[in-house]
Protein chains: 6
Amino acid sequence: KKSMQTVSSDQDSVLLIEANLDDEDGESLGFAMDLLLEAGAFDVFFTPIFMKKNRPAIKLSVLCAPAERDRFASMLMKHTRTIGVRYQRMQRVIMKRHFKTVETRFGPIRVKVASHGDLVKQMAEYDDCAKAAREYGTSLETVKQEVNRLLNS
Amino acid sequence: KKSMQTVSSDQDSVLLIEANLDDEDGESLGFAMDLLLEAGAFDVFFTPIFMKKNRPAIKLSVLCAPAERDRFASMLMKHTRTIGVRYQRMQRVIMKRHFKTVETRFGPIRVKVASHGDLVKQMAEYDDCAKAAREYGTSLETVKQEVNRLLNS
Amino acid sequence: KKSMQTVSSDQDSVLLIEANLDDEDGESLGFAMDLLLEAGAFDVFFTPIFMKKNRPAIKLSVLCAPAERDRFASMLMKHTRTIGVRYQRMQRVIMKRHFKTVETRFGPIRVKVASHGDLVKQMAEYDDCAKAAREYGTSLETVKQEVNRLLNS
Amino acid sequence: KKSMQTVSSDQDSVLLIEANLDDEDGESLGFAMDLLLEAGAFDVFFTPIFMKKNRPAIKLSVLCAPAERDRFASMLMKHTRTIGVRYQRMQRVIMKRHFKTVETRFGPIRVKVASHGDLVKQMAEYDDCAKAAREYGTSLETVKQEVNRLLNS
Amino acid sequence: KKSMQTVSSDQDSVLLIEANLDDEDGESLGFAMDLLLEAGAFDVFFTPIFMKKNRPAIKLSVLCAPAERDRFASMLMKHTRTIGVRYQRMQRVIMKRHFKTVETRFGPIRVKVASHGDLVKQMAEYDDCAKAAREYGTSLETVKQEVNRLLNS
Amino acid sequence: KKSMQTVSSDQDSVLLIEANLDDEDGESLGFAMDLLLEAGAFDVFFTPIFMKKNRPAIKLSVLCAPAERDRFASMLMKHTRTIGVRYQRMQRVIMKRHFKTVETRFGPIRVKVASHGDLVKQMAEYDDCAKAAREYGTSLETVKQEVNRLLNS
Ligand code: NI
Ligand code: NI
Ligand code: NI
Ligand code: NI
Ligand code: NI
Ligand code: NI
Ligand code: NI
Ligand code: NI
Ligand code: NI
Ligand code: NI
Ligand code: NI
Ligand code: NI
């Protein structure tokens with residue numbers, strides 16, 4: 001899974017593709033988000049906007065690798081009603097990251113270790129925590145606090 | 001025009017009708033707002049919400065006279081894709097109001113005079129200010145400030 | 001599935017439970033939505049709000065059967081950081097509905113038939129359309145239009 | 001009308017001009033949107049944002065031809081309270097488009113035909129559909145489905 | 001401070017007062033929130049909405065004691081441009097709560113202990129954590145994790 | 001104070017730094033906004049967005065001097081849970097501005113005088129107006145109208 005990969009550089013660049021949709025319903029937008037993520041987009045997000053003629057609308061934003069512009073632009077034109085997309089390249093500062101596993105009373109939980117200069121952050125993986133919370137009938141918060149307790153002790 | 005009528009009571013009650021729409025596009029919503037206002041709704045507004053399956057959606061809210069429930073509920077079911085609406089009655093505290101006209105260098109502008117106990121507020125009517133701003137090639141702000149200057153001097 | 005059941009009355013009442021969350025992150029909110037829907041809530045939705053101390057926040061709303069108040073209130077207190085929930089009963093006008101299946105070139109698609117007085121609406125089920133769009137490599141829109149074409153011809 | 005013109009290229013570039021407004025009311029923003037669109041902006045949209053000192057605010061975005069920067073920047077400074085605007089140039093991938101007219105039982109409706117590579121999309125014009133829905137006392141959805149039925153049969 | 005008081009009942013009722021503001025700027029709204037909270041409102045929050053004539057707007061909501069209706073309605077009419085407010089009474093299920101203090105390496109931090117039936121939640125007070133984070137040049141997250149570690153060990 | 005400085009150029013460039021936060025709560029975001037503004041950011045704002053897995057989220061945006069990129073990127077990584085930020089440089093058209101003081105019946109109020117070509121705008125400073133409104137027990141609107149009356153007479 002992309003979000004679980006080790007990253008050892010501290011900068012890169014991404015493409016931000018956007019379209020304003022005032023003639024698309026929420027069902028279609030939810031479906032488009034699923035397809036875009038499955039196709040390898042780094043991130044997909046919706047911003048509520050307001051357009052002419054009293055139309056509530058959604059700005060659909062996709063972050064992807066710059067080389068993938070044509071593929072994602074075509075997906076947007078196929079799976080939404082937009083007749084055009086705009087895009088720009090952005091630079092990023094990113095934290096280096098790798099993964100480790102912590103054994104907890106709720107089973108093993110993967111932890112992302114991210115660093116930049118002196119700063120080190122450790123964050124329990126959502127998917128593992130959510131799965132553990134379901135299995136043990138407890139809350140997500142309880143699982144995360146248990147991981148943090150082990151990491152800090 | 002409803003919003004230009006004199007009001008001499010200081011409380012009333014209204015009906016709030018709502019529907020969550022995750023399968024409606026902005027074009028249809030803008031059209032529905034127009035129709036509902038033309039049909040006598042006191043107010044129609046859209047709230048961006050987020051629903052299941054990653055769907056951005058809109059909560060459509062209508063404020064109307066309590067006796068008009070069936071008529072507006074039917075309009076919502078005809079002009080949107082909703083298959084049901086929920087509603088509740090709310091009480092209101094309202095300011096008494098009447099209208100006067102101020103002669104300005106941008107022509108006559110109607111002013112709403114609203115009062116409640118000791119409090120008196122005077123507010124230039126948007127439609128007149130917008131019309132004047134267009135005719136005189138100036139900004140809405142300039143017209144409103146001129147009205148306020150005359151009211152306060 | 002609840003949303004696929006035949007409904008033959010045209011009014012009912014629901015409970016709206018709400019909590020303002022300024023100390024909860026999106027991961028937890030997404031997880032809570034899943035759990036609440038699995039537990040039988042009619043609808044769960046998020047509204048972006050803005051609270052004191054410059055805090056962007058979320059109003060979590062749950063629509064459920066009035067008799068289920070305690071169960072859902074407890075879930076909210078267990079799975080979010082809220083220390084209280086507010087609620088109110090609302091009446092609803094709802095459309096009677098039943099289901100039929102249409103055979104299309106993308107396979108069988110269920111259609112919801114909703115009626116209220118003279119008004120009849122037919123709407124292709126999202127889950128079936130999405131599944132068909134994936135299988136046939138086409139867009140959701142294309143599947144829906146095919147269903148509508150068959151329903152209208 | 002700009003949105004009804006034939007377009008035969010498949011890429012261009014636009015200027016995105018933005019301003020954050022925490023001291024502007026909705027009436028003025030609605031008026032500014034009207035003026036900007038009348039002045040030839042490609043698109044104008046509002047994004048709800050939250051700023052310092054507990055201020056809900058609006059980001060006003062204008063998409064226009066790159067050569068029009070000064071004209072639209074000046075309009076923003078005249079018609080809103082902003083004391084500055086920021087801008088950037090963005091590239092676009094756009095679908096070629098032309099228009100045709102379909103005769104329906106609700107009268108003639110123009111249809112936008114947009115294409116990009118193998119992909120062809122046909123979309124009924126909102127203004128024609130809305131006008132027809134009003135004249136025939138039916139819903140926008142009913143008119144659009146009729147157009148789609150004729151296009152697909 | 002109201003939010004720091006011991007609460008020993010598990011239900012109460014509140015008044016929700018609301019007004020839709022399409023002619024108010026963000027500066028005024030931020031100021032009104034401050035005044036309303038200082039005057040004893042339980043909660044004040046803003047919801048972005050969209051109203052007629054292309055107006056982005058804000059729904060201002062106040063939660064207060066039912067007996068305080070007139071005082072808060074008058075404040076809303078004095079400090080915003082609204083000419084009326086609507087309101088409704090809502091019931092609440094609330095968690096009992098008291099406070100304790102935890103000694104941490106960042107100094108003493110108050111902790112809210114909330115309970116309902118079997119459920120007990122402990123939450124570090126924001127104001128104390130924020131003050132400690134500033135004094136020790138660390139992040140809010142670091143302080144909160146330290147409190148949680150002590151509470152869970 | 002930065003917003004009170006005389007500005008005599010009419011264009012400059014700024015850096016826009018952004019991060020999407022789906023695992024951060026409102027308390028932390030409000031705290032981060034305070035720290036970023038104290039550290040010299042020109043502007044900090046939150047945009048409600050919707051991300052995968054049904055997560056309501058916030059896009060945090062910072063406008064700062066281009067030379068300050070590393071400092072603000074590091075603050076974002078320290079004070080939020082983000083593991084990366086994206087950024088872009090934007091050009092600005094800005095109004096020249098200086099300040100003057102107006103003596104009113106509510107005491108002295110500073111006024112920003114902004115100009116660009118023929119356009120001149122005068123705007124009463126929020127902080128002075130808010131302080132005066134508190135001292136005199138009146139509304140912010142009343143103070144602003146008094147300043148405008150003096151400026152326009
Ligand atoms: Ni359109
Ligand atoms: Ni191409
Ligand atoms: Ni549905
Ligand atoms: Ni009926
Ligand atoms: Ni709190
Ligand atoms: Ni109980
Ligand atoms: Ni300002
Ligand atoms: Ni210039
Ligand atoms: Ni108005
Ligand atoms: Ni009264
Ligand atoms: Ni994450
Ligand atoms: Ni670095």
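Predicted model: local features only at pLDDT ≥ 70, side-chain atom pairs only at ≥ 80, totals over all residues.

Student: What is the accessible surface of chain A, and what share of it belongs to carbon and sulfur atoms?

Tutor: The accessible surface of chain A is about 5,900 Å², and carbon and sulfur atoms account for 45% of it. Residues are numbered from 1 along each chain as its sequence is written, chains are lettered from A and ligands numbered from 1 in the order in which they are written, and side-chain values use heavy atoms, with hydrogens and water left out.

Student: What percentage of chain A counts as buried?

Tutor: Of its 153 residues, 63% count as buried. Buried means under 20% relative accessible area, exposed means over 50%, and partly exposed lies in between (1.4 Å probe, protein chains only).

Student: And the charges? How far apart are their mean positions?

Tutor: Chain A has 24 positive and 21 negative charges, and their mean positions are 3 Å apart. Lys and Arg count as positive and Asp and Glu as negative, whereas His and the chain ends are not counted. Each charge is placed at NZ of Lys, CZ of Arg, CG of Asp or CD of Glu.

Student: Moving on to the fold, which pattern does chain A follow along the sequence?

Tutor: The order is β-α-β-β-α-β-β-β-β-α-α, made up of four helices and seven strands. Helices (H or I, at least four residues) and strands (E, at least two) are DSSP runs, numbered from the N terminus.

Student: Why is chain A described as more spread out than a compact globule?

Tutor: Its radius of gyration is 19 Å, well over the 15 Å that the globule rule gives for 153 residues, so chain A is more spread out than a compact globule. The radius is taken over C-alpha atoms, and the rule is 2.2 Å times the number of residues to the power 0.38. Along the principal axes, the C-alpha atoms fill a box of roughly 55 × 35 × 25 Å.

Student: Which domains are assigned in chain A?

Tutor: Domain 1 covers 10-93 and domain 2 covers 96-152, with bounds from an automatic or database domain assignment. The C-alpha centres of these two domains of chain A lie 30 Å apart.

Student: Let us turn to single residues. Where does Arg69(A) lie, and what is it in contact with?

Tutor: Arg69(A) belongs to helix H2 (residues 69-79) of chain A. Apart from neighbours within four places in sequence, Arg69(A) is in contact with Leu15(A), Ile17(A) and Tyr87(A), where contact means heavy atoms within 4.5 Å. Arg69(A) is partly exposed, at 29% relative accessibility.

Student: Is Tyr126(A) buried or exposed?

Tutor: Tyr126(A) is buried, at 9% relative accessibility. This residue is in helix H3 (residues 126-136) of chain A. Not counting residues up to four places away in sequence, Tyr126(A) touches Leu140(A), Glu27(C), Phe31(C), Lys53(F) and Arg55(F).

Student: What does His79(B) contact?

Tutor: With neighbours within four places in sequence left aside, the contacts of His79(B) are Glu24(B), Ala32(B), Leu35(B), Thr138(D) and Ser139(D). His79(B) is in helix H2 (residues 69-79) of chain B and is buried, with a relative accessible area of 16%.

Student: Last topic, backbone angles. What is phi of Asn54(D), and what of Lys53(E)?

Tutor: Phi of Asn54(D) is near 60°, a positive value in a residue other than glycine. Asn54(D) sits in the loop between strand S2 (43-51) and strand S3 (55-64) of chain D, and is buried at 8% relative accessible area. Phi of Lys53(E) is near 55°, a positive value in a residue other than glycine. Lys53(E) is in the loop between strand S2 (43-51) and strand S3 (55-64) of chain E, and counts as partly exposed at 32% relative accessibility.

Notes
Areas by Shrake-Rupley, 256 points an atom, 1.4 Å probe, with all protein chains shown as cover.
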